[in-house]
Amino acid sequence: MLTVRRRQGLRAAVEQRALVSALPVAECVTRLAAVTLAETGETTALEWPPPAGKRVYGWVADDGFMISPLRQHERLSLNLAWGGWVEQEGHVYAAVDLLSLKSSRPLLLLLPVVGCICFLGFSLLAGQLLLSGWQMLAVSAIVVALLLVIVRADERRSIDDHRLLFTLLLETLEAAEVPRHSLVPDELVLPPAPERPAPPAPVPWRR
């Protein structure tokens, strides 16, 4: 694969990639939908274990797709591939954004601060510190180190998920990666990924 710079932030990380396939758009939609478990809403998005042949979940349409790895448990990051595609001169060009949405990370980093404040408040109510200064520093160091390990492990898992998703796209669509800046002519604007389909309306209860 080409070397792509990963832009890392506190709330999100993104890799911008692109691919080209000789398959028509209709075939691309059919092939990608065949390995995608349709997401109908947060309460029914995950089916575990996934049905035979399904490797990711999301939605696929004629103008684009959103796919994300199947996962059993909640994670700190929501990793997904968000892309749009167009057909021109017998080839399908797709722009893919590999996103890692880290909405839980700021709350996680606040936990040591909240814990120290609660501990100091309880100590003031008790009239004395329950731990010595060195013990407090040791506990704080252990908590910070544990959080750093968790954040690092989450980042590694995010990178692995992005590699899995992009490899799945290349294999399923029989595509090749191309530089994002040379994806298509300047006058051709790739559409954004489609919105998630609305979940089915609940069936009214009848007597």
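Both Glu15 and Arg17 are buried, a term that denotes a relative accessible area under 20%, with exposed meaning over 50% and partly exposed the range in between (1.4 Å probe, protein chains only). The side chains of Glu15 and Arg17 meet in a salt bridge, with N and O at 3.4 Å; such a bridge requires a side-chain nitrogen of Lys or Arg within 4 Å of a carboxyl oxygen of Asp or Glu. The two residues belong to a network of salt bridges that links Arg6, Glu15, Arg17, Glu155 and Glu177. By this rule the count comes to eight salt bridges. Arg17 also lies over the face of Phe166, at 5.2 Å from the ring centre. For such an arrangement, NZ of Lys or CZ of Arg must be within 6 Å of the ring centre and within 35 degrees of the ring normal.

The model is predicted, so local features need pLDDT of at least 70 and side-chain atom pairs count only at pLDDT 80 or more, whereas totals for chains, interfaces and linings use all residues. Residues are numbered from 1 along each chain as its sequence is written, and side-chain values use heavy atoms, with hydrogens and water left out.

Helix α1 spans residues 25-34, and its buried residues are Val25, Cys28, Val29 and Leu32. These residues cover an arc of only 100° around the axis, which puts them on the same side of α1; the arc is that of the directions from the helix axis to the C-beta atoms. The exposed residues Ala26 and Thr30 are carried on the face of α1 turned away from its buried side. Helices (H or I, at least four residues) and strands (E, at least two) are DSSP runs, numbered from the N terminus.

Two salt bridges involve Arg31 of this helix. In one, the side chains of Arg31 and Glu27 meet at 2.8 Å, N to O. Being four residues apart in α1, Arg31 and Glu27 are separated by about one helical turn. Arg31 is partly exposed, at 26% relative accessibility, and Glu27 is partly exposed at 30%. In the other, Arg31 bridges to Glu174, the closest N and O atoms being 2.8 Å apart. Arg31 lies in helix α1 and Glu174 in the loop between α3 (133-172) and β8 (175-177), so this pair ties together parts that are 143 residues apart in sequence. Glu174 is exposed, with a relative accessible area of 52%. Glu174 has a positive phi of about 50° although it is not a glycine. A positive phi, of about 55°, is also found at Glu89, which is not a glycine. Glu89 is located in the loop between β6 (78-88) and β7 and is exposed, with a relative accessible area of 70%.

The side chain of Thr36 reaches the backbone oxygen of Leu32 at 2.7 Å. A polar contact is a pair of N or O atoms within 3.5 Å; within protein, one must be able to donate a hydrogen and the other to accept it, and residues adjacent in sequence count only if both atoms are side-chain atoms. Leaving aside neighbours within four places in sequence, Thr36 is in contact (heavy atoms within 4.5 Å) with Lys54, Val56, Tyr57, Gly58, Trp59, Val60 and Ile67.

Trp59 leads on to the aromatic residues. A search of the whole structure finds two aromatic pairs. The ring centres of Trp59 and Trp82 are 6.1 Å apart and their planes stand at 90°, so the pair is edge-to-face. Trp59 lies in strand β4 (residues 56-61) and Trp82 in strand β6, so the pair ties together parts that are 23 residues apart in sequence. Trp59 counts as buried at 11% relative accessibility, whereas Trp82 is partly exposed at 31%. The rings of Phe65 and Trp85 have their centres 5.1 Å apart and their planes at 55°, so this pair is tilted. Phe65 lies in strand β5 (residues 64-69) and Trp85 in strand β6, so the pair ties together parts that are 20 residues apart in sequence. Both Phe65 and Trp85 are buried. Rings of Phe, Tyr and Trp (its six-membered ring) pair if their centres lie within 6.5 Å; planes under 30 degrees apart count as stacked, over 60 as edge-to-face and the rest as tilted.
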